[in-house]
Amino acid sequence: MAISHAMNRRQFLKLAGIGTVGLAAINLPFIGTSLGQSDEVPDLEVRLRAVEGTASILSGTPTTVWTYQGEVLQGDPASVQIIPDSYLGPIFRVRQGQHIRIHFVNELPEASIIHWHGLILPEAMDAHPRYAIGSGETYTYDFRVINRAGTYWYHPHPHGSTATQVYNGLAGLFIVADEEEDAAGLPTGDYDIPIAIQDRSFDVDNQLVYISGGMMSQMMTQMMGFLGDNILVNGKPEFAFDVETRVYRLRLLNGSNFRVYKLGWDNSTPLTIIGTDGGLLEAPVERPY
């Protein structure tokens, strides 16, 4: 079943979804080597904590969320960008070839680990569930970015808890730039807009509800995935921003558990697609949605 929703440019980010999709892992070949806690000074070193907190998502009572909080220890502070008033983790902006060191500190009441979704990494840096750490423990990632320019993301990956931990708020964007992208002359700065789309359900007290209903309904949700009642963009239900009459770059992440989205303008103006999960296309293509 497909349901389309018409939108004007200002309403574009007030999104509705269709269909189904899961948190799919990207199977990429191993290329390169682990730096293995080398003595080399990294280009970027970050302490990334997973903590419990609250966020004002809906009107009224704040929502309890789990979130990533980042602190730059070495390198350019602009490499880690906080999304204002959002439970989503900070946006990493790095370049191909950079040496990255991230100290993941788990301050949650259960085990967790971070998967760098789409990055080509050594096994020990890619968050197999067996590497999950307990509450109060730290796991250090040490790797060189070898991916081409693209929009990637990070999220937890513990066995049996990945979906619920992401649902509680643990997710963030990881953006890679390179010389090929520089040469393309694409929009940058305020004209390069990351957009993370998620669906969530809440109870009467504004608390997140992942699985509800009777036993059969809960079993089907666990097997097939979850569809939320509210569409959130960058952690907000009513997200919009003013634009100039010019070209913008929209980096679209479907961070939902199960839902897919059909996005387009209400006047059928085509969108110019310049990249996919794997990076930039050989040439731009136009599509109606």
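Visitor: Which residues do ring pairs link into a cluster?
Guide: Heads-up: this is a predicted model, where local features need pLDDT of at least 70, side-chain atom pairs count only at pLDDT 80 or more, and totals for chains, interfaces and linings use all residues. Residues are numbered from 1 along each chain as its sequence is written, and side-chain values use heavy atoms, leaving out hydrogens and water. Rings of Phe, Tyr and Trp (its six-membered ring) pair if their centres lie within 6.5 Å (planes under 30 degrees apart: stacked; over 60: edge-to-face; the rest: tilted). The cluster joined by ring pairs is Tyr68, Phe92, Phe104, Trp116, Tyr131, Tyr139, Tyr141, Phe143, Tyr154 and Phe174.

Visitor: How are the planes of Tyr139 and Tyr141 set, stacked or tilted?
Guide: The ring rule gives 15 aromatic pairs. Tyr139 and Tyr141 make one with centres 5.0 Å apart and 55 degrees between the planes, so by the cut-offs the pair is tilted.

Visitor: Are Tyr139 and Tyr141 buried or exposed?
Guide: Buried means under 20% relative accessible area, exposed over 50%, and partly exposed in between (1.4 Å probe, protein chains only). Tyr139 and Tyr141 are both buried.

Visitor: Why is the pair of Tyr191 and Tyr248 edge-to-face?
Guide: The ring centres of Tyr191 and Tyr248 are 5.4 Å apart. The pair counts as edge-to-face because its planes stand at 70 degrees.

Visitor: How many residues apart are Tyr191 and Tyr248?
Guide: Helices (H or I, at least four residues) and strands (E, at least two) are DSSP runs, numbered from the N terminus. Tyr191 is in the loop between helix H2 (179–184) and strand E11 (192–200), while Tyr248 is in the loop between strand E12 (230–233) and strand E13 (249–254). That pair links distant parts of the chain, 57 residues apart.

Visitor: Which residue has its charged end over the ring of Tyr191?
Guide: Tyr191 is partly exposed, with a relative accessible area of 22%. A charge sits over a ring if NZ of Lys or CZ of Arg is within 6 Å of the ring centre and within 35 degrees of the ring normal. At 3.6 Å from the centre of the Tyr191 ring, that's Arg246.

Visitor: Which side chain does the side chain of His117 make a polar contact with?
Guide: His117 lies in strand E7 (residues 114–117) and is buried, with a relative accessible area of 8%. A polar contact is a pair of N or O atoms within 3.5 Å; within protein, one must be able to donate a hydrogen and the other to accept it, and residues adjacent in sequence count only if both atoms are side-chain atoms. At 3.1 Å, the partner of His117 is His155.

Visitor: What share of the residues of the chain count as buried?
Guide: The chain has 3 helices and 16 strands. Of its 289 residues, the buried share is 43%.
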